[in-house]
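Trainee: I have just been handed this one and have not looked at it before. Could you walk me through it?

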Amino acid sequence: MRKKAIAILIVASTVFISCGGDKKEQVASLPAIPVKVAGISDNNTSPYVSASGKIEAENSANLSTRMMGYVTKVNVKVGQKVSQGQLLVSVNNTDLQAKKAQVNASITQAQAGYNNAKKDYDRFVNLFAQQSASQKELDDMTARYEMAKAGLEAAKQMRNEINAQFAYSNISAPFSGVVTNTFVKEGDMANPGMPLVSIEGAKKLQVTAMVSESDIALITQGMKVNVLVKSINQEVEGKVSEISLSAKNTGGQYLVKIDLNKSEAKILSGMFVNVQFPVEKKENVKVSDKVLIPVTALVKEGQLTGVYTIGSGNVAILRWLRIGKTFGDQVEVLSGLSANEQYIVSADGKLFNGAKVSIQ
């Protein structure tokens, strides 16, 4: 019985070894998978501080109302150009029309009372000057006149209030620009504070970028920068216009705004960019070596995230990473990939550990 068990183990070991050998031979016989790679140069030798950002319009607004009512008309569509003061949305204002009529009637009544009181007041002033009226009669007439005058002024101010309410029932463009979104349609109920239309100014664009605490000291007001618009692969010049001095509300990153120069490039609000800030090399000043890789290069298995790197012999090696914050279409690598290592961005085939690759 013991000899039979030993014989079975020998046979199983032989089969296992032969299978492992077959698998290695099968992998070796597979054609190399064409891949594209990217590598991050060491920023310590670069005269630039790089940061990811997003293009925004300098003027942008979400327009809303402070009155409740049904939307009677939406006069614009998404993408439509509008001029300052143009009517965008109308909200039902039947109740305001009724209040306006009441206020106008109150003004007419107050005006008549004021005119009558003024005539009596002027008459008693003359009578008092001729000593035909007593001081008490003049004082009473003066009080009546002042009360009529105040009543007329109150009625006029009520009219101003109603006119101000009409401004919230007829939503107009505060500046010239482009409609970027409409949040309601005809028949919807508009509520106070609810956004109805959003517009952005089309004249001037700017970039909002987030800079790390180790790099913010190198950036100065008015610094000229290069802005790479990733989607169209074009570079535009710009100038730093604002630098935030606090990272309290921005997750440890400092907000920097850049005004873009006029360009023939087709640049739109919302596009992601990469900003290069030229820095002066100084001793004991280390430029950030943050590692950023495209989100599309990541490989996810369950809760693990990794990226394929190039191993010796041009084989794909899956490296597990610890991921940090996301900047647009890029993600920060906290550990698992150094700043001068190459990684696979895309492949013309299914990658696996040990797969032969050919760099395109």
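This is a predicted model: local features need pLDDT of at least 70, side-chain atom pairs count only at pLDDT 80 or more; totals for chains, interfaces and linings use all residues.

Trainee: Okay, in what order do the strands of the open sheet come?

Mentor: The order is E7-E6-E4-E9, with antiparallel pairing across these four strands. Strands E7 (170–172) and E9 (189–190) are the edge strands, each pairing on one side only.

Trainee: And which residue in E9 is the bridge partner of Tyr 70?

Mentor: That is Met 189, and E9 is joined to strand E4 (residues 69–74) by two bridges.

Trainee: What lies across E6 and E7?

Mentor: Helix H3 (residues 135–169) does, and it runs at about 70° to E7.

Trainee: Let me pick Val 89, then: buried or exposed?

Mentor: Val 89, which lies in strand E6, is buried, because its relative accessible area is 0%. Leaving aside neighbours within four places in sequence, its contacts include Val 71, Ile 171 and Leu 196.

Trainee: Switching topic, how many salt bridges does a search of the whole structure find?

Mentor: The search finds seven, one of which is a salt bridge between the side chains of Asp 120 and Arg 144, at 2.7 Å from N to O. Asp 120 lies in helix H2 (residues 94–129) and Arg 144 in helix H3, so this pair ties together parts that are 24 residues apart in sequence.

Trainee: Is Asp 120 buried or exposed?

Mentor: Asp 120 is buried, at 13% relative accessible area, whereas Arg 144 counts as partly exposed at 35%.

How values were computed
Residues are numbered from 1 along each chain as its sequence is written. Side-chain values use heavy atoms; hydrogens and water are left out. Two strands pair if DSSP finds at least two bridges between them. Contact means heavy atoms within 4.5 Å. Axes are lines fitted to C-alpha atoms, for helices over the stretch in contact, and angles run from 0 to 180 degrees between N-to-C directions. Buried means under 20% relative accessible area, exposed over 50%, partly exposed in between (1.4 Å probe, protein chains only). A salt bridge is a side-chain nitrogen of Lys or Arg within 4 Å of a carboxyl oxygen of Asp or Glu.
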